Each structure stands twice: as structure tokens, then as C-alpha cells.
Amino acid sequence: MNRKEFLRVLSRSLRGMPRAERAQSLEYYGEMIQDRMEEGLSEEEAVARLGSADEIARQILESNGVQEKRRGRAPVWMIVLIVLGSPLWLSLLFAVLAVVLAAYIVAWSLIAALYAVLLGMAVCGPFGALCFVAEIVKGNFVLAALLLFAGCVLLGLALLALPWLNRATVAVARASACCAQGILRIFERRKI
């Protein structure tokens, strides 16, 4: 365990303390690790010599008169409310999940549709050039110039829009990852 992980575990274990006292304890142990590292120990060795962060937190809480919260059973009235309210909160939960899933599907469908449009525009460039040659052979110079111009404009617009669409894709992917991490954090067990 490195210094950052040790201090994170210690901070989480000291949640029952006032913020100023907790910050003071974290600063003290951070400096203690730093001092041991200056004496020649590696970061992991310095942390290991301190002992368990949970045990240190227990000692700090006991010395400050803060009692640890004991996880017990939920009161009967709370269980009754959860059971009786389940038709309401379960339907609301499913509705929210359906809306979130629909928004996710719409965002990715929109990205896919925009890529399809850009591909179609990009194909118009070479197709316009082929039509240009065909119309020149026929002797229709005005239509040939119009087809070449339209193909070049569509190809240029596709090339200009591609970086913006790539950025939008990355943004949607990052938002999806953040949402997934948030959902996982809800179901993650707290280790204390």
C-alpha cells in the first residue's frame, strides 16, 4: 500500500471525527510516512511500518472519545415502509432506468447516424468526379461543373465535420464510462 492509499483508507475510517481533527491526523501520518522515506525507506515500507490504517483509526477514535458506528439491523418500521412503498418506488426506479437507457441508446444512435451521413457525403466526392467525366463526354459542361462542385463541397464538408463528430463520440463515451462508474459505486460495498 502506498502513501496515498493509506491516507485514503485512514480518512474513510475517521469519518466520525470532526473535519479539522481528521485533517490534522491525516497530516500527522502523512508527515510520518514522509520522514521515514527521508530516512531511506521506500514508500511501501514506510507505510507498512505504521501498521494497519483501520487499527490506527480505531486508536485515534478511541483516544478522541468518538465511538464507531455499529451496523445493526434496520428498525421494523423502516422495513415495513420499504415493503409497503415498494410498488411506488420500484415503478419509479424502473421508469428512471428506462429513461436513462433510452437516452443512452438515442445518444449512440445519433452518433451512428451522423457517421452514416458523413460517409454518404464523403462518397459523393468521388461519385461527383465520375459523373463529371461522364457529363464531359456527353458534352453537358454546365451539369458536369455542377456535379464536380457538389461532390467537392460534400466531400469537404464531410472532412470538416469528421473531427467534430469524433470529439462528440469521445464525449459520449466518457459520459457513458462516468455513468457506469457511478452505477458501480452505488452497488460497491464500503470497506471499513
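**Group meeting: an all-helix chain**

Just after H3, Gly51 takes a positive phi of about 105°. I start there because helices here are DSSP runs of H or I with at least four residues, strands are runs of E with at least two, and both are numbered from the N terminus. This is a predicted model, in which local features need pLDDT of at least 70 and side-chain atom pairs count only at pLDDT 80 or more, while totals for chains, interfaces and linings use all residues. Residues are numbered from 1 along each chain as its sequence is written, and side-chain values use heavy atoms, with hydrogens and water left out.

Ala46, Val47 and Leu50 of H3 are buried, where buried means under 20% relative accessible area, exposed over 50%, and partly exposed in between, with a 1.4 Å probe and protein chains only. These three cover an arc of only 95° around the axis, which puts them on the same side of H3; the arc is that of the directions from the helix axis to the C-beta atoms. They pack against H1, H2 and H4, contact being heavy atoms within 4.5 Å. On the face turned away from the buried side, H3 carries the exposed residues Ala48 and Arg49.

Next, H2. This helix runs over residues 19-38, and its 20 residues reach 28 Å from first C-alpha to last, close to the 28 Å expected at 1.5 Å a residue. The expected span is 1.5 Å times one less than the number of residues. Which residues of H2 are buried? They are Arg22, Ser25, Leu26, Tyr29, Gly30, Met32 and Ile33. Seen down the axis of H2, the buried residues fall within an arc of 155°, so they line one face of the helix. Their cover includes helix H1 (3-13), helix H3 (43-50) and helix H4 (53-63). Turned away from that side are the exposed residues Ala20, Gln24, Glu27 and Glu38. Just after H2, Gly40 takes a positive phi of about 115°.

On aromatics: a search of the whole structure finds one pair. The rings of Tyr28 and Tyr29 have their centres 5.0 Å apart and their planes at 85°, so the pair is edge-to-face. Rings of Phe, Tyr and Trp (its six-membered ring) pair if their centres lie within 6.5 Å, with planes under 30 degrees apart counted as stacked, over 60 as edge-to-face and the rest as tilted. Tyr28 is partly exposed at 47% relative accessibility, and Tyr29 is buried at 14%.

Glu135 sits in helix H5 (residues 76-138). Is Glu135 buried or exposed? It counts as buried, at 11% relative accessibility. Leaving aside residues up to four places away in sequence, Glu135 touches Asn140, Leu143, Ala144 and Leu147. Leu160 belongs to helix H6 (residues 141-187) and is exposed, with a relative accessible area of 60%. Leu160 and Leu118 are 42 residues apart in sequence and 9.8 Å apart in space, C-alpha to C-alpha.

Last, the whole chain. The chain has six helices and zero strands. A compact globule of 192 residues would have a radius of gyration near 16 Å, but the chain has 31 Å; the radius is taken over C-alpha atoms, and the globule rule is 2.2 Å times the number of residues to the power 0.38. Along the principal axes, the C-alpha atoms fill a box of roughly 95 × 60 × 25 Å. Buried residues make up 20% of the 192.
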